[in-house]
Amino acid sequence: MVIAARNCLASVASVVLILLLSSTCQAQLSSTFYAKTCPNALSTIRTNIRTAIARERRMAASLIRLHFHDCFVQGCDASVLLDDSATVTSEKSVIQNANSARGFDVIEQAKSAVENICPGVVSCADILAVAAKEASEYVGGPTWTVKLGRRDSTNGSPSLANRDLPRFTDSLDSLISLFGTKGLSARDMVALSGSHTIGQAQCVTFRDRIYSNGSAIDAGFASTRRRNCPATFPNGNGNLAPLDLVTPNSFDNNYFKNLLQKKGLLESDQVLFSGGSTDSIVSEYSKNPSLFKSDFATAMIKMGDIEPLTGSSGIIRKVCSRVN
Ligand code: HEM
């Protein structure tokens, strides 16, 4: 009896010890993570990303979105970048990414430049986070200090991608609750959606909205968009329209002004201003561009903190599209 109790106490003590050790071993992200191991990492990534955006301005939007689609699926671990292989199931073919997520080559080129100077040190997940910040800065959006030290996953998760990446048909309640599961508030969600101030969407994502169904839409705006987006599926499915009709190449607060005028392109844009709980946040951002930009930066830092792999978890991939 006494021996059993003693054994039991001993195992409880070791469980507590293991828990304590694992929590203290879990490294925190830090902006100086590569200061000693790869001091030129950030400038190398910056040069590569700026070159790519100078070549094609839309790339800024695509890179911000790629970081988002990474972080929402099993954390910011570069899982979105993996291709299918014998051991890996890719997230690239889920409906929210297929024929839509872009920028993979740009990240791969930045990675290869960084591998040339410091092999095996800098993760693809960190390159995505830095790329998103560089992209925002380049097109007139806010800048922020990126926390670093994420490591890369060894697999993708199409089922989690399917479950956790939002859809343009989602209701306001679903969006608030989905972002909530990632530790992001409704305010963060609205600020982050403000990145639809740049970039493009395909006709298939806004057809239903411009041909009637859903939240109210400005009639002139709907008819302009119909010109390049035929009513019948799948005609013109891939035709592009700017998410922000006024200044699609600049990171500003016009996206929110559009919503006030019922000129949001996606249904999931317009639900943010359609008589619900986020109307007041949209109004605030439409009047106060600097508030929007500072909330956006704060929310991007929070998003970049979602469940990173740190310490000895995960790996540093040599090539972002496959495991070593
Ligand atoms: C709130 C839920 C969201 C939904 C339902 C949504 C949905 C979409 C859709 C359907 C597109 C167009 C894709 C295509 O046609 O190929 C798009 C584009 C885009 N999204 Fe979102 N999005 C959401 C939130 C976000 C967030 C949080 C970010 C970034 C932090 C973001 C950044 C972007 C950017 C920058 C583009 C343009 C990409 C490009 O031009 O390549 N979105 N989004």
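Predicted model: local features only at pLDDT ≥ 70, side-chain atom pairs only at ≥ 80, totals over all residues.

Let me begin with a question: in which helix is Val-282 found? It is helix 13, residues 279-287, that holds Val-282, where helices (H or I, at least four residues) and strands (E, at least two) are DSSP runs numbered from the N terminus. Residues are numbered from 1 along each chain as its sequence is written, and side-chain values use heavy atoms, with hydrogens and water left out.

Back to Val-282, which is buried because its relative accessible area is 0%; by buried I mean under 20% relative accessible area, by exposed over 50%, and by partly exposed anything in between, with a 1.4 Å probe and protein chains only. Leaving aside residues up to four places away in sequence, Val-282 touches Val-190, Phe-256, Leu-259, Leu-260, Leu-272 and Phe-273, a contact being heavy atoms within 4.5 Å. Phe-72, by contrast, is 210 residues from Val-282 along the chain, and the C-alpha atoms of the two are separated by 23 Å.

Two other buried residues deserve a moment. Ser-157 lies in the loop between helix 5 and helix 6 (158-164), and counts as buried because its relative accessibility is 10%. Its contacts, again not counting residues up to four places away in sequence, are Val-73, Gln-74, Thr-89 and Glu-91. Thr-310 sits in the segment after helix 14 and, at 5% relative accessibility, is buried as well. Thr-310 and Gln-28 are 282 residues apart in sequence, yet C-alpha to C-alpha they are 7.4 Å apart in space.

Buried in helix 4 are Phe-104, Val-106, Ile-107, Ala-110, Lys-111, Ala-113, Val-114 and Glu-115, and what covers them includes helix 2 (41-55), helix 3 and helix 5.

In helix 9, residues 203-210, the buried residues are Cys-203, Phe-206, Arg-207, Arg-209 and Ile-210, and they pack against strand 1 (200-202), helix 10, strand 2 and helix 12 (267-270). Just after helix 9 comes Ser-212, with a positive phi of about 125°.

That brings me to backbone geometry. Most residues other than glycine have a negative phi, and most peptide bonds are trans. Asn-99, which is not a glycine, has a positive phi of about 50°; it lies in the loop between helix 3 (59-71) and helix 4 (104-117), and counts as exposed because its relative accessibility is 76%. Glu-307 also has a positive phi, near 35°, lies in the segment after helix 14 (289-304), and at 55% relative accessibility is exposed. As for the peptide bonds, a cis bond joins Phe-233 and Pro-234, with omega about 0°, and Pro-234 is in the loop between helix 10 (219-226) and strand 2 (240-242).

Finally, the whole chain. What is its make-up in helices and strands? The protein has 14 helices and two strands. Its radius of gyration is 22 Å, close to the 20 Å that the globule rule gives for 324 residues, so the protein is as compact as a globular protein of that length; the radius is taken over C-alpha atoms, and the rule is 2.2 Å times the number of residues to the power 0.38. Along its principal axes the C-alpha trace spans about 80 × 55 × 40 Å, and 47% of the 324 residues count as buried. Of the contacts with a separation of 6 or more, 76% are accounted for by residues 24 or more positions apart.
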